[in-house]
Amino acid sequence: MKNAASFIAVLLFSAISYAQNGPKIEFAAPDNTIDYGKISKGDNGLRSFEFTNTGDAPLLITGAESTLSSIVVTKPAAAIMPGKKGKIDVKYNMVAGPIRKTITVETNAVNYPEGRVALKIKGEVQ
């Protein structure tokens, strides 16, 4: 019985330490949201989500997309090394009205479920 409890304890500690290793993505924008505010149609609509790999392995951005064709997303092609910064550019087509959109980013980051991160943009085009 003692050996079984010891085995379970070692297995649990191993699983916890394993889950904490790997790339981690931390965005500079509060709540992973960029607020365009009230802007005119003449604005170019380009904003950047800046992030840092706070983990201990290379961070890969495998996908970054929106369900809308009015948003163009550009992601880094190369891996982001531990401690280094990167950015994901978002260009919104300036159509009059409110902006409430989500961009899904797929990564190998261990600090988000399945490595998927939801980025949001909001504001109003006048």
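1. Confidence overall. The structure is a predicted model. The protein chain has an average pLDDT of 88, and 84% of the residues reach at least 70.

2. Confidence by element. Among the elements of the protein chain, strand β3 (residues 46-53) has the highest mean pLDDT, at 98, whereas helix α1 (residues 2-19) has the lowest, at 52.

3. Aromatic pairs. A search of the whole structure gives 3 aromatic pairs. One of them joins Y36 and Y92: the ring centres are 6.4 Å apart and the planes meet at 65°, so the pair counts as edge-to-face, for which the angle must be over 60 degrees. Because Y36 belongs to strand β2 (residues 33-39) and Y92 to strand β6, the pair ties together parts that are 56 residues apart in sequence. Both Y36 and Y92 are buried.

4. Aromatic cluster. Three phenylalanines, F27, F49 and F51, make up one aromatic cluster.

5. The loop residue V95. Where does V95 lie? V95 is found in the loop between β6 (85-92) and β7 (97-107). With a relative accessible area of 44%, V95 is partly exposed. Along the chain V95 and Q126 are 31 residues apart, and their C-alpha atoms are separated by 8.5 Å.

Methods: Residues numbered from 1 in each chain as written. Predicted model: local features only at pLDDT ≥ 70, side-chain atom pairs only at ≥ 80, totals over all residues. Heavy atoms only, no water. Helix = DSSP H or I, 4+ residues; strand = E, 2+ residues; numbered from the N terminus. Buried < 20%, exposed > 50% of the residue type's maximum accessible area, 1.4 Å probe, protein only. Phe/Tyr/Trp six-rings, centres within 6.5 Å; stacked < 30°, edge-to-face > 60°. pLDDT = per-residue confidence, 0-100.
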